[in-house]
Amino acid sequence: MKGVYVLAIIVSKDIEVRVGALGKIDFKEGWYAYVGSAQKGLENRVKRHLTGIRQRNFWHVDYLLDNDFVEVVTAFYKAADKSVECEIADKLKKKGVPMAGFGCSDCTCESHLFKIDDYDFLRDFMSEIQLHGTTTITNDTLTQEMYAHCAADYLRSPTDPVQLRSTSRFADQSIPVNLFSWM
Ligand SMILES: [Zn+2]
């Protein structure tokens with residue numbers, strides 16, 4: 001399925017990260033919101049970000065998420081066209097501080113990554129614009145959950161879930177699947 005997503009990211013101390021071609025960027029401790037989209041394979045993209053499992057770094061956010069002091073806390077998503085991605089970025093810009101040039105190589109936005117005041121603001125804002133939230137990192141349940149949420153927009157049966165053999169540092173934590181979910 002295709003859709004947009006917003007990652008709630010926590011940076012637990014001040015860090016400097018080399019972000020691909022952007023070079024070194026300073027990130028202050030605190031909360032960040034990253035906006036992305038996938039024109040196909042939204043579920044795999046969200047899994048990639050939640051699990052940290054990837055062949056190589058490709059997107060700017062991959063470099064940030066590589067850092068030991070950076071975690072994705074929640075991935076918000078909905079089935080939508082790509083244009084919605086930049087609309088969300090534009091709205092977040094009014095509520096956060098844009099990290100110049102981050103994640104917006106293929107559009108005219110100032111940024112797709114914003115430093116925000118706190119998680120509650122983001123959760124409420126995501127609810128307002130009808131993105132579903134998930135902290136699920138196991139493959140099967142995430143796929144099922146995402147298809148359930150997006151079924152109204154995309155009536156497509158789930159593909160065979162790809163079995164991941166290793167998982168992230170969250171692997172042994174049991175997080176309620178629907179903790180941050182809305183319909
Ligand atoms: Zn944009």
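## What helix H3 packs against

In this predicted model, the buried residues of helix H3 pack against strands E1, E4 and E7. Helices here (H or I, at least four residues) and strands (E, at least two) are DSSP runs, numbered from the N terminus. Contact means that two C-beta atoms, placed from the backbone, lie within 7 Å.

So who are these residues? The buried ones in H3 are Glu-85, Ile-88, Ala-89 and Leu-92. Seen down the axis of H3, they fall within an arc of 100°, so they line one face of the helix; the arc is that of the directions from the helix axis to the C-beta atoms. A residue is buried if 20 or more other C-beta atoms lie within 10 Å of its own, exposed if 12 or fewer, and partly exposed in between.

Two strands pair if DSSP finds at least two bridges between them.

E1 (residues 3-11) and E4 (residues 30-38) share nine bridges in the antiparallel sense.

## Reading the model

Residue numbers start from 1 along each chain as its sequence is written. As the model is predicted, local features need pLDDT of at least 70 and side-chain atom pairs count only at pLDDT 80 or more, while totals for chains, interfaces and linings use all residues.
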